[in-house]
Amino acid sequence: RIGMQLPSEIEARYVLPALRALVAKKLVLEKGFTQEKAARAVGVTQAAISNYIRGVRGFRIYWENNPIVLRHVDKIVELIVSKSDPREITREFNQMLRELRKAGVLCRLHKNVEPFIDINECNVCFE
């Protein structure tokens, strides 16, 4: 079928905003960051942080109970709070995305976005 979205497009459009929202909420609500400081830390605008906290943006999918996400988001927040090397934060985000792909989470999301995809037959993310 023409027009199929690539896994990286699904990640960029749906997964990363949700993950950034979780990180931003923890920074602001649990670690005392201002919205501006959280925005600089996750690489978005202050308005995006405000939307994340209000639940307007970044929560198209519900991630708060996913153990992979919880583990990595907590580590990312701690890396940000401890002013770690930005490469370490990037590595942690990338590791989380790899684990989500391996667990089939991205496949199920892709199926929700494009119902014609047969996730039992597709193995593009695992090649």
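# Pockets, cavity and core of a helical chain

Visitor: How much space lies in the second largest pocket?
Guide: The model is a predicted one, and the values discussed here are computed from it. The lining of the second largest pocket includes Met4, Gln5, Leu6 and Pro7, together with residues such as Cys107, Ile117 and Cys125. The space that lies in this second largest pocket is about 160 Å³.

Visitor: Which helix gives the most to the lining of the second largest pocket?
Guide: Leu106, Cys107 and His110 are among the residues that line the second largest pocket, and the place of His110 is in helix H6. With three residues, the helix that gives the most to it is H6, spanning residues 105-113.

Visitor: Does His110 count as buried or exposed?
Guide: His110 has its place in helix H6 and is one of the residues lining the second largest pocket. Leaving aside neighbours within four places in sequence, His110 is in contact with Met4, Gln5, Leu6, Pro7, Ile10 and Ile117. Because its relative accessibility is 9%, and the cut-off is under 20%, His110 counts as buried.

Visitor: What covers the buried residues of H6?
Guide: The buried residues of H6 are Val105, Leu106, Cys107, Leu109 and His110. Two of the residues in that list, Val105 and Leu106, also line the largest cavity, to whose lining H1, H5 and H6 each supply at least two residues. What covers the buried residues of H6 includes H1 and H5.

Visitor: What volume does the largest cavity have?
Guide: The count comes to one cavity of 30 Å³ or more. Its lining is made by Glu11, Val15, Trp63, Leu97, Leu100, Val105 and Leu106, which divide by class into six nonpolar residues, one charged residue and no polar ones. The volume of this largest cavity is about 30 Å³.

Visitor: Which helix gives the most to the lining of the largest pocket?
Guide: The largest pocket, with a volume of about 210 Å³, is lined by residues including Leu16, Arg20, Val42, Pro86, Phe93 and Leu97. Helix H1 (7-29), helix H2 (35-42) and helix H5 (86-102) each supply at least two residues of that lining. With six residues, the helix that gives the most is H5.

Visitor: How many charged residues does the lining of the largest pocket have?
Guide: The lining includes Arg20, alongside residues such as Ala41, Gly43, Ile89, Thr90 and Asn94. By class, seven residues of this lining are nonpolar and three are polar, while the number that are charged is one.

Visitor: Which residues have the most contacts inside the largest nonpolar core?
Guide: The largest nonpolar core has 35 residues. The elements that give two or more residues to this core are H1, H2, helix H3 (46-54), helix H4 (67-81), H5 and H6, and H1 gives the most, with 11 residues. The residues with the most contacts inside the core are Val23, Ile49, Met96 and Leu100.

Visitor: With which residues is Val23 in contact, leaving aside its neighbours within four places in sequence?
Guide: Val23 is one of the residues with the most contacts inside the largest nonpolar core. Leaving aside its neighbours within four places in sequence, Val23 is in contact with Val42, Val73, Ile76, Val77, Ile80 and Phe93.

Visitor: Which residue follows H3 with a positive phi?
Guide: The buried residues of H3 are Ala48, Ile49, Ser50 and Tyr52, and what covers them includes H1 and H2. After this helix comes a residue whose phi is positive, near 80°, namely Gly55.

Visitor: What pattern does the protein chain follow, read along the sequence?
Guide: The protein chain has six helices and zero strands. Among its contacts between residues at least 6 apart in sequence, 66% join residues at least 24 apart. Read along the sequence, the pattern is α-α-α-α-α-α.

Visitor: What radius of gyration does the protein chain have?
Guide: Along its principal axes, the C-alpha trace of the protein chain spans about 45 × 25 × 25 Å, and 39% of the 127 residues count as buried. A compact globule with 127 residues would have a radius of gyration near 14 Å, and the value for the protein chain, which agrees with this, is 15 Å.

Notes
Residues numbered from 1 in each chain as written. Predicted model: local features only at pLDDT ≥ 70, side-chain atom pairs only at ≥ 80, totals over all residues. Heavy atoms only, no water. 1 Å grid on protein atoms, 1.4 Å probe; cavity = no way out; pocket = protein on both sides within 12 Å on 5 of 7 lines; lining within 4 Å. Points joined across faces, edges and corners; volume = space filled by probe spheres on them. Helix = DSSP H or I, 4+ residues; strand = E, 2+ residues; numbered from the N terminus. Nonpolar A, V, L, I, M, F, W, Y, C, P; charged D, E, K, R; others polar. Core = buried A, V, L, I, M, F, W, Y, C linked by side-chain atoms within 4.5 Å. Buried < 20%, exposed > 50% of the residue type's maximum accessible area, 1.4 Å probe, protein only. Contact = heavy atoms within 4.5 Å. Rg over C-alpha atoms; globule rule 2.2 N^0.38 Å.
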